[in-house]
Amino acid sequence: MPPYPHLFAPLALRSLALKNRIVMGSMHTRLECEPDGAERLAAFYAERARGGAALIVTGGVSPDRAGLLEPDADALDDAARIPFHRTITDAVHAAGGRICLQILHAGRYAKIDGLVGASDIPAPINRRKPRALSDPEVEATVEAFARCAALAQEAGYDGVEIMGSEGYLITQFTCPRTNKRSDRWGGSLENRIRFPVEIVRRTRARTGPDFLIIYRLSALDLVEDGMTAQETVAQARAIEAVGADIFDTGIGWHEARVPTIGYMVPRAAWAFAVKRIREAVSIPVMVTNRINTPDAAERLLVDGIADLVSLARPMLADSAFANKARAGRADEINTCVACNQACLDYLFRDKVGTCLVNPRACYETKLPTGPAAHSKRIAVVGAGAAGLACAVTAAERGHAVSLHEAHSAIGGQLNLAAAVPGKEFAETLRYFNVHIAKSGIDLRLASRPSAQELAAGRFDHVVIATGVTPRIPSLPGIDHPKVIRYDEVLSGRKTAGKRVAIIGAGGIGFDVAEFLSVPADGRSVEQFLDAWGVDRTGTSAGGLVPSRPEHVEREIVVLQRKPTTPGRTLGMTTGWAIKAQLARRGVTFLAGVAYECVDDRGLHIILDGAPRVLEVDNVVLCAGQKPVRTLYDELAALGVRVHLIGGAERAEELDALRAIDQGTRLALGF
Ligand code: NAP
Ligand code: SF4
């Protein structure tokens with residue numbers, strides 16, 4: 001039996017024969033804003049087509065100028081734009097793939113002047129106020145969608161996906177939350193869904209019977225005054241009736257206060273909402289969000305949740321996801337860890353997106369792979385994130401690599417991150433372990449080579465990635481038994497008591513707070529949905545109900561010296577959810593403190609000029625790190641030229657993103 005038989009079952013749709021059920025979901029990359037955007041997008045998508053995805057859906061392209069996500073975004077509103085898109089479709093077809101253009105009108109989410117909406121209600125995540133479209137303008141917008149689809153067809157796309165989820169213009173029409181109109185486009189359900197129904201009807205009429213039309217339906221709005229499940233199903237049936245071929249599904253508007261794709265969301269958490277749609281319609285349905293392994297994808301198909309699986313970020317992490325799964329090499333997949341750090345967080349900072357575990361994503365033309373011209377002998381010391389990325393990338397290019405790790409296992413700080421609930425770095429460690437074995441790296445565990453040995457080894461390159469050591473603040477009582485370090489807590493070497501003070505509110509202080517505040521009833525899909533107030537019955541508008549309190553057995557206070565709001569260094573798209581989760585669990589924060597001492601009573605601080613004692617069982621140190629550079633200094637003293645990377649090079653603001661990027665780029669240069 002071949003692996004994943006459901007995932008690799010073909011599917012015939014109109015004139016298309018999809019070779020499997022894996023669809024690369026739509027992702028905004030901002031590559032279209034780059035001067036060589038068409039070439040970079042072509043290379044990005046073609047690599048994923050070669051990697052075995054049956055169908056690719058592009059990032060959103062607006063049907064008109066008013067629907068642009070941002071001023072430099074792409075609109076396909078004129079035949080002059082066809083050559084740009086031809087570059088992309090030709091590349092994907094040459095790679096044996098199929099590709100659909102996603103048509104996305106941003107509506108009130110548009111970060112442009114002159115934005116429009118169903119009504120003139122501003123979005124809580126956009127400071128600009130939209131203007132309500134007039135009736136003729138709504139008609140013109142419907143026409144713009146159909147025209148865009150026709151232009152996409154001319155540009156060689158196999159179909160389109162009409163973006164009707166996530167809070168963009170179409171959902172702004174379908175939900176009472178944002179649609180206060182009294183004309184034929186507002187009021188009753190029939191009137192509110194008229195906009196998407198007309199879009200699909202006219203798109204089908206304009207593009208003919210063979211063109212694929214995917215409709216991305218909001219399976220759950222997760223906002224007040226969103227749709228009920230009954231309304232969503234009625235919308236789906238109406239859209240199916242006018243010619244859609246597939247329902248893709250979306251979960252939550254961008255302004256929703258429920259995390260939908262971050263690491264704190266359990267895998268496949270939203271299957272229940274997608275299943276409701278599949279049971280109500282007869283066309284294929286696609287499931288999406290937090291599906292990052294072939295096993296999870298296969299399970300959703302076996303369980304009858306959906307007919308196709310949409311993988312977006314997992315395709316950034318590994319372009320060959322599908323081929324590896326089909327070949328029985330799922331253990332070689334570089335798994336998306338749902339961190340959002342280099343994809344979504346970059347986009348919100350107006351940067352081109354990429355991937356923490358795969359820095360080549362969206363840089364396919366800038367960071368080409370392939371065998372090196374000459375095989376070199378390379379020694380890497382330190383098998384943390386930076387050293388691992390460097391060693392594996394170098395070995396894959398044909399270099400002879402020896403990798404030294406002082407501990408008995410690879411991973412360094414990744415081992416600690418993997419202990420944080422939801423953080424999927426165990427998958428990253430599995431990926432590196434498998435690639436070390438398969439690429440013939442000479443891995444030496446519990447190995448601390450001396451500077452003399454490395455100098456005598458006559459390597460072409462010596463890479464020092466010896467990492468970091470926790471910073472220990474100088475404080476009276478720092479040696480008190482109550483004081484423990486974050487690495488001792490996360491590694492399980494020490495267990496914190498019921499009352500805990502955490503010194504340091506950086507990324508690791510928050511990680512430790514999450515680790516220590518996991519509710520007594522664990523972290524199941526049901527627990528997650530209940531804690532965030534998600535209605536599984538489908539009766540409430542928007543799918544929201546009051547959240548269920550979490551039972552946490554510890555009292556935790558997180559401290560920092562800066563007077564600023566704690567958590568500023570957390571990721572833009574995950575930080576708010578981490579903070580909300582900790583607040584719900586009763587974790588408190590104190591900023592602007594001065595530390596006095598630790599003694600048998602607990603942690604003594606000064607807050608607002610007054611002394612205070614936090615009577616805690618343990619004080620956990622999360623006060624940052626210092627670089628470990630002894631070996632580097634010794635090699636430098638011997639006159640050996642070495643490369644210094646990762647935390648050993650710069651401990652401040654070190655994270656896996658910078659470490660993996662640095663290690664990979666260095667190895668691509670060897
Ligand atoms: P960090 O972000 O630099 O935070 C260090 C914390 O320790 C700060 O809150 C700092 O606040 C405090 N501190 C610094 N020196 C101190 C001293 N001498 N005494 C007492 N407190 C001191 O470092 P980190 O938390 O170790 O994280 C390391 C890196 O990993 C960071 O880049 C972080 O962003 C990244 N990371 C990210 C995530 C994520 O979720 N994206 C998770 C984990 C780690 P005050 O100086 O104000 O007291
Ligand atoms: Fe996944 Fe993180 Fe990569 Fe984004 S940056 S694709 S969330 S691993």
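The following exercises, with worked solutions, concern a predicted model.

Residues are numbered from 1 along each chain as its sequence is written, and chains are lettered from A and ligands numbered from 1 in the order in which they are written. In this predicted model, local features need pLDDT of at least 70, side-chain atom pairs count only at pLDDT 80 or more, and totals for chains, interfaces and linings use all residues, while side-chain values use heavy atoms, with hydrogens and water left out.

**Exercise 1.** Describe the surroundings of ligand 1.

Solution.
- Step 1: The shell of ligand 1 holds 22 residues, and the closest are A505, I508, R561, Q625 and L654; a residue is near a molecule if one of its heavy atoms lies within 4 Å of it.
- Step 2: A polar side-chain atom of Q625 is found 2.9 Å from an oxygen atom of ligand 1, and a nitrogen atom of the ligand is 3.1 Å from an N or O atom in the side chain of R471. Polar contacts are pairs of N or O atoms within 3.5 Å; within protein, one must be able to donate a hydrogen and the other to accept it, and residues adjacent in sequence count only if both atoms are side-chain atoms.
- Step 3: A polar backbone atom of G506 lies 3.3 Å from an oxygen atom of ligand 1.
- Step 4: Ligand 1 taken alone exposes 890 Å², of which the protein buries 82%; these areas come from the Shrake-Rupley method with a 1.4 Å probe.

**Exercise 2.** Relate the shell of ligand 1 to the domains.

Solution.
- Step 1: An automatic or database domain assignment supplies the bounds: domain 1 (11–337), domain 2 (377–469 + 626–668) and domain 3 (483–517 + 552–623).
- Step 2: Domain 2 and domain 3 each contribute at least three residues to the shell.
- Step 3: The centres of domain 2 and domain 3, taken over C-alpha atoms, are 30 Å apart.
- Step 4: 6 residues of domain 2 are in contact with 8 residues of domain 3, contact meaning heavy atoms within 4.5 Å.

**Exercise 3.** Characterise the position of S62.

Solution.
- Step 1: S62 is buried, with a relative accessible area of 3%; buried means under 20% relative accessible area (1.4 Å probe, protein chains only).
- Step 2: Leaving aside neighbours within four places in sequence, S62 is in contact with residues including L68, D74 and C148.
- Step 3: A polar atom of the S62 side chain lies 3.4 Å from the backbone oxygen of G67.

Key: Helix = DSSP H or I, 4+ residues; strand = E, 2+ residues; numbered from the N terminus. Buried < 20%, exposed > 50% of the residue type's maximum accessible area, 1.4 Å probe, protein only.
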